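Me: I'm new to this one and would like to learn how to read it. Can we go through it together, one feature at a time?

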Amino acid sequence: MALDQSFVGRTYPPTAAYEVGREKIREFAESLGDTNPVYTDPEAARALGYPDVIAPPTFIFTITFKAAGKQVVEDPQLGLDYSRVVHGDQRFEYTRPVRAGDHLSVTSIIDSIKSLAGNDILSVRGEVHDKAGDHVATSFTTLVARAADAEVEESR
Amino acid sequence: MTTARISYDTVEVGTEVPMREFRVNRADLVRYAGASGDFNPIHWNEKFAKEVGLPDVIAHGAYTMAQAARVVTEWAGDPGALVEYGVRFTRPVVVPNDDKGALIEIGAKVTAKLDDEARTVRLDIMATSAGQKVLGRARAVVRLA
């Protein structure tokens with residue numbers, strides 16, 4: 001049940017802006033046990049030249065993954081079986097760190113669709129821009145929808 | 001702009017970032033699920049995880065990825081110094097329901113000096129849990145001072 005190749009190159013409309021709050025960044029950093037003050041103390045962030053607290057580098061994934069999930073993974077036309085999806089790999093390119101006060105919008109693009117040993121492999125790119133339209137980061141996510149009868153260990 | 005603590009000039013190919021240990025338990029995963037918005041039950045519901053063929057509850061891949069980033073950003077001194085960062089999730093970090101949870105060991109090594117002008121280096125990151133490599137092709141590009 002390979003996915004339709006005609007979806008390669010499909011670009012979804014930009015998401016409504018996500019407003020990044022100081023307390024959300026704090027919550028995220030604390031969930032990692034990461035006590036770097038640049039995530040929680042605006043003064044510490046300013047000392048490094050940032051206008052406000054910045055977010056840990058992988059915070060951006062929470063925004064891009066939500067965008068990809070809502071638009072691509074749940075696209076009924078694409079027909080991906082989410083119950084069998086695992087995160088295959090993840091890469092980010094950063095123009096600047098995410099910071100409190102950002103309003104971030106994600107444009108999701110399907111970069112490739114492959115079928116390997118019955119597994120569907122979907123590569124989704126998320127371009128993240130701020131309110132001014134400036135590029136903040138790009139997320140490259142590969143999702144693997146395991147074949148119905150495959151063992152997890154085999155696909156990893 | 002970067003205010004990395006490490007100077008490009010003092011770093012050589014082979015420079016190592018010491019191995020660090022991170023302990024993760026079920027409560028950490030619940031906290032991360034809430035903070036990240038990823039509530040997939042394979043990260044907190046043992047019954048569900050086993051039903052889909054996993055040995056037990058597993059850590060979010062992005063959780064392990066975040067801890068691996070931390071090893072690099074704390075070394076560099078400025079999380080904003082990260083230019084590029086990617087990993088492959090090769091094996092799940094299995095988190096048992098006991099008071100110990102799982103141990104993840106993470107270290108890194110400078111494997112290339114990429115650009116003298118941009119002052120960027122590449123680090124290869126090693127991450128293991130229970131003797132197994134949990135991240136593959138884990139690489140970061142960092143802009144140094």
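Me: How many helices and strands make up the secondary structure of chain A?
Reply: Keep in mind that this is a predicted model. Chain A has four helices and five strands. Going along its sequence, the pattern reads β-α-α-α-β-β-β-β-α.

Me: And what does the secondary structure of chain B come to?
Reply: Chain B has three helices and six strands. From the N terminus on, its elements run β-α-α-α-β-β-β-β-β.

Me: Now the strands. Which strand of chain A pairs with β3(A) over eleven bridges?
Reply: When you look at paired strands, check the direction and then the bridges. Strand β4 (residues 119-129) of chain A is the partner, and it runs antiparallel to β3(A). As an example of residues facing each other, Val106(A) stands opposite Val128(A) in β4(A). The two strands form a hairpin with two residues between them, where Ala117(A) takes a positive phi near 50°.

Me: How many bridges link strand β1 of chain A to strand β3 of chain A?
Reply: Two bridges, again in the antiparallel sense, between β1 (residues 18-19) and β3 (residues 103-116). Here Tyr18(A) has Leu104(A) in β3(A) as its bridge partner.

Me: Which way do β3(B) and strand β4 of chain B pair, parallel or antiparallel?
Reply: Antiparallel, over ten bridges, with β4 covering residues 120-129. Glu105(B) stands opposite Thr128(B) in β4(B). This is a hairpin too, with four residues between the strands, and Arg119(B) in the turn has a positive phi of about 60°.

Me: What does β1 of chain B pair with?
Reply: Strand β1 (residues 16-24) of chain B pairs with strand β3 (residues 102-115) of chain B, antiparallel over seven bridges. Look for Phe22(B), which stands opposite Ile104(B) in β3(B).

Me: Let's go to where the chains meet. How many residues of each chain are in contact?
Reply: 37 residues of chain B are in contact with 34 residues of chain A. The area buried between the two chains is about 3,000 Å², and carbon and sulfur atoms give 55% of it. On chain B's side, Ala35(B), Pro79(B) and Phe89(B) supply 18% of the area that chain B buries against chain A, more than any other three residues.

Me: How many residue pairs are in polar contact across the interface?
Reply: The rule finds twelve, with both residues at pLDDT 80 or more. As for where chain B's touching side comes from, α1 (26-36), α3 (61-76) and β2 (82-89) of chain B each supply at least two residues. That side divides into 17 nonpolar, eleven polar and nine charged residues.

Me: Which strands pair between the chains?
Reply: Strand β2 (residues 85-94) of chain A and β2(B) pair in the antiparallel sense over five bridges.

Me: Next, salt bridges. How many does the rule find across the interface?
Reply: The general idea is that side chains of opposite charge can pair when their charged atoms come close. Across the interface of chain B and chain A there are three salt bridges. In one salt bridge, Arg91(A) meets Glu84(B), with the closest N and O atoms 2.9 Å apart. Over all chains, a search of the whole structure finds 22.

Me: Which residue does Arg26(A) meet in a salt bridge?
Reply: Glu23(A), at 3.0 Å from N to O. Arg26(A) and Glu23(A) are three residues apart in helix α1 (residues 22-31) of chain A, so about one helical turn separates them.

Me: Last topic, the record. Which residues of chain A does UniProt list for "domain: FAS1-like dehydratase"?
Reply: The unreviewed UniProt entry lists residues 6-138 of chain A. That span is 23% helix and 31% strand, and its end C-alpha atoms lie 23 Å apart.

Me: Where does UniProt place "domain: MaoC-like" on chain B?
Reply: At residues 17-110 of chain B, also according to an unreviewed entry. Over those residues the chain is 35% helix and 27% strand, with the end C-alpha atoms 8 Å apart.

How values were computed
Residues numbered from 1 in each chain as written. Chains lettered and ligands numbered in written order. Predicted model: local features only at pLDDT ≥ 70, side-chain atom pairs only at ≥ 80, totals over all residues. Heavy atoms only, no water. Contact = heavy atoms within 4.5 Å. Buried area = accessible area lost by both parts, 1.4 Å probe. Salt bridge = Lys/Arg side-chain N within 4 Å of Asp/Glu carboxyl O. Polar contact = N/O pair within 3.5 Å; in protein donor to acceptor, adjacent residues only side chain to side chain. Nonpolar A, V, L, I, M, F, W, Y, C, P; charged D, E, K, R; others polar. Pairing = 2+ DSSP bridges. UniProt positions renumbered as here; feature names shortened; annotations may be inferred.
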